[in-house]
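Hi,

Here is the structure I said I would pass on. Have a look at it first, and my notes follow below.

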Amino acid sequence: MRFLLVEDSEDLAKAVASRLTLEGHGVDHAATLADASHFLGTAPYDLILLDISLPDGDGRDFLVRERAARRDTPVIMMTASASVSDRVMTLDQGADDYITKPFDFGELQARCRAVLRRRDGAVDNRRHFAGFIFDQLGATLTVGDDIRELRARELRLLEILLSRPGQAYSKAHLIDRLFSFDEEVSDNAIEVYVGRLRKKLDGSGARLETLRGVGYRLIPE
Amino acid sequence: MMRPFDPARIVSLRRRLVWQFLVLSAVLVLGLFLVVGWVADRASRASQDAVLGAAVTAITEGIRSVDEGLELDLPYATFSMLGAMGDERIFYLLTVAGQGVTGYEDLPPPPTPATDMAPVFYGADYRGARLRLASVGRMMLIQNRLQPVTVTLGQTRLGQAAIARDTARSAAWAALGFMLLALPVALLAAQAVLQPIRTLADVMGRRGPRDLRPVRHPTPRELAPLLRALNGLIARLRAALELAETFIFEAAHRIRTPLSLVRAEAELALAETSDEATRIRLRRMVRAIGESSRSANQILDHAMVMYRTDQYAAAQVDLAALSRAVLRAIDPIAEMRDIRVTHDIAACIIQGDERMLEIALRNLLDNAIKYAAPEGHVDLTLTCTGTEATLAVTDDGRGLSDDPAQLIGRFRRGANVGDTGGSGLGLTIVTEVAHAHRGRFQLKSGEKGGTCALLHLPLP
Amino acid sequence: MRLAAFAVAVTYALAGPAAAWQSEDERIFGPEDAPQIQVLSVTDLAAFAPVLQDYVTRNPGRGIRYVQASSTEIYAAIHDEDARFDLVISSAMDLQMKLANDGLAASVAPDARGLPDWARWRDQLWGIALEPVVTLASRQALGDLPVPRTRRDLIALLRENPERFQDRVAAYDPQVSGVGYFLIAQDDQVSDGFWRLAEVMGRLNARLFCCSGQMITELREGRIAIAYNVVASYAARFRPDDPDLVQLAFEDYTFAIVRSALVPVNAPDPQGAQDLLSYLLSDPAQRLIADSAGVALIAGTGKPPVPQLRPIRLDAGLLVYDDRLRRAGLLSEWRAALIQP
C-alpha cells in the first residue's frame with residue numbers, strides 16, 4: 001500500500017515511515033500541508049496519515065478542503081490531544097479514523113485495514129504468491145476455489161512473512177509484531193499461530209518452514 | 001496587608017439589625033419624651049399664663065381709688081385657684097408710682113413696664129424659687145393725681161412642670177410599651193430580611209463541589225451586587241480551570257509527539273536487533289510508553305467527565321447509534337487481539353450527555369477487551385425497558401476476585417490483573433458518568449465466568 | 001364686698017415693734033443632757049404636755065425644749081428674727097402659710113398616712129390637729145334664756161338682753177392676736193351676718209382679749225357671760241370639771257382651724273423635727289390630740305367632725321389675709337364696729 005504521511009516532526013516521520021516500510025508499505029513524507037498538496041497532486045495514495053498541527057496550518061482545515069474538493073482518499077488523523085471533542089470533530093469533518101499519539105503500530109495497522117475494508121474495493125490489495133491469493137482486507141486466502149478465512153493474528157503473521165518471502169523471522173520478532181506490548185505472551189504462543197497458518201496454507205504451493213534456532217520463513221514449494 | 005482573622009470580628013447581621021432597631025427605638029423614646037415634654041410644658045405654661053393673667057387682671061380690677069387713697073380687695077378665691085395646681089407659692093406686689101404699697105416689695109419688676117391692661121409675663125428667681133410673673137399697669141387718679149398703678153403677681157410653676165414631666169413620661173412609657181411590642185416584630189422582620197441570604201447560602205451549599213455554573217437564583221435587588229461578585233468569582237474560577245484544562249491538553253500534545261517518536265524508534269530497534277537483552281529493554285520501554293499514554297488518556301477522560309458533570313446539560317441521545325459508533329472505533333483494537341465483539345443493540349433514546357456516555361462506553365469496552373480471554377469474546381447488549389436503559393458489557397476473562405465496589409475506586413486495580421496495563425481509572429470514570437445521569441454502575445461476575453459490567457441509565 | 005382698706009399711712013407693723021419676740025412659757029421634756037428638739041409652739045403647754053411626754057418616753061435618748069409663744073410672736077421670731085427652732089407649730093394658718101410661701105419652711109417627709117390633702121401644703125406645712133372654733137357661754141349667766149344654736153340666735157339674744165350682757169361679752173382682739181384676726185377674716189368672708197354681730201358686741205362694749213385662755217378664765221370666774229370664737233381645745237381642758245361652761249358649735253357654720261407644723265429651713269436638727277412630726281401624725285399622738293380638741297384630724301383617731309364643722313384648708317388663698325391693705329381695711333372696719341362713739 002502507498003501511504004502519504006503528513007507530519008512536521010522530521011524524526012517521528014522518519015521512524016513511522018521506516019516502521020511502515022518494514023511492513024512492506026510505500027511511504028511518502030510531507031512536512032507541510034503545501035508539500036502534502038503537492039504529493040497528492042502527483043501520485044495516487046491508498047491512505048493519508050494526517051497530523052493536526054502543522055507549520056502552515058491545521059490538518060483539519062486541510063481535510064475539510066480535501067473533502068470539499070471531492071477528493072476522498074481515506075484519512076487517518078494523528079492527534080496528540082486525545083480529547084473527545086477533537087476526535088468527534090475530526091470524524092465529523094470527514095476523517096475515516098483517528099489514532100492518538102503515541103500509537104501502537106499494531107493498532108495503526110489495524111485501523112488502516114479497517115478503514116480500507118470499509119472503503120471496500122477502492123484498493124486492490126490482493127497478493128499472489130505461489131499457488132494462493134492473499135486478500136489482506138478480506139482476510140482470506142484463496143487456493144484454487146477454496147477460500148479460507150484468516151483470523152487476525154494468522155493474517156498478521158502471513159502479512160509479515162509475505163512482506164519478505166524467504167526471509168527468516170525469529171520467534172521474538174514475530175511476537176513483538178503480532179502481539180500488543182501490554183499483552184503477556186509466552187514464546188510458545190507463536191507456535192500456535194504458525195501451526196494454524198500452516199494448515200491454512202495446505203496445498204497452496206507455499207510452505208512455512210521452521211529453521212531450528214533461527215525462526216520461520218515462507219517459501220514456495 | 002492581610003488582617004489576621006479574628007473570630008470576634010464576625011458580626012451577626014440579625015443581631016446588628018435588632019440592635020439598630022433597639023437603639024433607634026431608644027432614640028425615638030427619648031425624642032418623644034423630650035418633644036412631648038416640651039409641647040406639654042408649652043401648652044400647660046400657656047394655660048397657666050392665661051390663669052395668671054386673668055388673676056392679675058382680676059386683682060387690678062379690684063383696685064379702687066377712694067378719697068383717702070387706694071382700696072384693694074385681694075380675692076381669696078383667686079389665690080386659692082392659683083395655688084391649686086400643685087401647691088404653688090404665690091407672691092404679689094402693688095405699687096403706686098413705683099412705690100410698693102402692699103405685698104412683697106422686693107419682687108422683681110417686669111423687664112418692660114406694663115402700661116396697658118394686657119399683662120406682661122416674665123420669669124425671675126425669687127426667694128429660692130423660679131417664678132412666673134404677670135404684671136399689669138394702669139393709670140389711676142389717686143388723691144387728685146393721675147398715677148401709675150402696677151400689680152404684679154408671681155407663682156412657682158412646680159405643678160405645671162410636674163404635669164409636663166408626667167405627660168412626657170407617660171408618652172415615653174407608651175413609646176417604650178410600643179417598642180417592647182414591636183421587638184418580636186423586629187426580630188421577625190430581621191429574620192425575613194435575612195431569609196434571602198440564607199436561601200442563597202442554601203442554594204450555594206447544595207451545589208456539587210465542581211458545579212461552576214453561574215448562580216441564577218432570584219435574589220432581592222440588594223443582594224444583586226453580592227450575587228454579581230459571586231458569579232464573577234465563579235466565572236474567574238471557571239476561566240482558571242479552563243485555562244488549566246487547555247494547559248493540560250497543550251502539555252499532553254507537547255509530550256505525546258516526542259513519546260511517539262521514542263516509541264516508533266524503539267519498535268524499529270526491536271525489529272532490527274536480535275540481541276535478546278536489548279530486546280527485553282526495548283520491550284519494557286515500549287510498554288511503559290503505552291501505559292503512560294493510556295493513563296494520560298484516562299486522566300483526560302476523567303477531567304472531561306468532571307467538566308461535563310459541572311456543565312451537565314441533558315440532551316436527547318440515540319444510545320443505539322452511539323453504541324454502534326463506539327463499537328466501530330474499538331473494533332480494530334479488538335481485532336488486533338483476535339477478540340470477537342458481538343452486540344445486541346435495541347433502539348433506545350435517552351436524555352443525557354453524549355460525550356460522557358461515549359467516554360463511559362469506550363472505557364467499558366476497552367476494559368472488557370483488555371481482560372477478555374485470548375481470542376476471547378466481548379459482548380455489548382443494550383436493552384431498553386420502560387424506565388431504564390441498560391448497557392451490559394460482558395467479557396469471558398478471568399472474572400472478578402475482589403469486591404466489585406472496591407474496583408470502582410479511583411486508581412484501584414483488581415489484584416488478579418497481573419501485568420495487564422491500565423491505570424484503573426476507567427471504572428471510576430464510568431461510575432461518575434452514571435451518577436451524573438442519576439443512573440448506577442454495577443460490576444458482577446458473568447453467568448459463564450468473566451465479568452459483566454452494567455450501566456443503568458434512567459429514561460425520562 | 002364690704003371689705004375696705006386704706007393704704008394711706010400704713011404704719012401698722014405686722015410683727016409688732018422691733019423688739020425681740022417674747023415667749024410665754026418654756027419647759028424641757030426628757031433627760032436634761034439628751035439632744036433636744038427645739039419646738040416653738042402656740043399650743044398651750046399644759047394641753048400639749050401629755051403628747052410631748054409620750055414622745056420622750058417612747059424615745060428615751062431624746063429631749064424636747066418646748067417654747068410657747070403667741071402666733072404673732074412665733075411669726076416674728078421665724079420670719080424676721082431668725083430664731084433657731086426645729087419645729088414650729090401654730091394655729092395661725094395664714095401666718096404659717098406665709099412662712100412657707102416665703103420659703104422659710106423646709107421640705108420634710110414625715111410619715112403622714114391618713115392626713116387629708118386639705119390639711120397639708122406641699123411637703124412643708126403639715127396639719128397636726130383640727131381645732132374647732134366655738135363660742136363659750138356660762139350656763140349661770142344665761143339663766144333661763146335659750147341656748148343660741150346659730151349666730152342669728154346669738155345676735156337676737158344679745159340684742160334682746162343688753163342689760164344682762166353689757167360688758168360681759170368677750171372676743172379676741174384681732175389687733176393683738178393673730179388667731180383673732182384670722183378668725184374675723186374668715187367670718188367676714190363666709191357670712192354677712194358677722195358684722196351685725198360685731199356691731200351688737202360693740203354696743204355691749206365687748207371686752208377684747210389676746211388669748212383663749214384668758215377669756216376662759218374670765219368666763220369661769222363669772223366676769224363675762226359669753227366668749228365668741230374660742231379655740232375649743234382650751235375650753236376642753238376646763239369643761240369636764242366645770243358644768244357651768246356651755247360650748248356652742250353654731251349650726252350655721254363652725255370653723256375648724258388646722259393647727260400646722262413646719263420645719264424652718266434653718267432648723268438645727270431637721271431630722272429630729274421630722275421624727276417628732278412623724279410621731280405627731282401617728283395614731284397614738286393623734287388620739288391624744290383629738291381627745292383634747294374634741295375632733296379627729298385623721299379619721300379613726302377620735303370623734304368624727306360634726307356636719308357643720310368647716311375646716312379651713314391649708315392653701316395659697318390664706319395669703320390674702322396677710323395683705324397689708326386688706327388687713328388694714330378689715331381692722332379699721334372692726335374698730336368701727338366694736339369701738340363705738
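**Helix packing and chain contacts**

Starting inside chain B: B:Asp301, B:Met304, B:Val305 and B:Arg308 of α5(B) meet B:Arg355, B:Met356, B:Ile359 and B:Asn363 of α7(B). By type, the residues of this α5(B)–α7(B) contact split into 4 nonpolar, 3 charged and 1 polar. Bear in mind that this is a predicted model.

As for the geometry, the axes of α5(B) and α7(B) come within 10 Å and cross at roughly 145°. The crossing of these two helices, α5(B) and α7(B), is left-handed.

Both helices turn up again where chain B touches chain A. That contact takes 41 residues from chain B and 35 residues from chain A. On the chain B side, α4 (224-272), α5 (276-310), α6 (319-336) and α7 (354-371) each supply at least two residues. Which helix gives the most to that side? α4(B) does, with 15 residues. The chain B residues that touch chain A comprise 16 nonpolar, 15 charged and 10 polar.

Chain B also meets chain C. Here the contact takes 23 residues from chain B and 22 residues from chain C. On the side of chain C that touches chain B, the largest share comes from helix α13 (residues 324-338) of chain C, with 3 residues. That side of chain C divides into 12 nonpolar, 6 charged and 4 polar residues.

Cheers

How values were computed
Residues numbered from 1 in each chain as written. Chains lettered and ligands numbered in written order. Predicted model: local features only at pLDDT ≥ 70, side-chain atom pairs only at ≥ 80, totals over all residues. Contact = placed C-beta atoms within 7 Å. Helix = DSSP H or I, 4+ residues; strand = E, 2+ residues; numbered from the N terminus. Nonpolar A, V, L, I, M, F, W, Y, C, P; charged D, E, K, R; others polar. Axes fitted to C-alpha atoms, helices over the stretch in contact; angles between N-to-C directions. Left-handed = near helix turned anticlockwise from the far one by under 90°.
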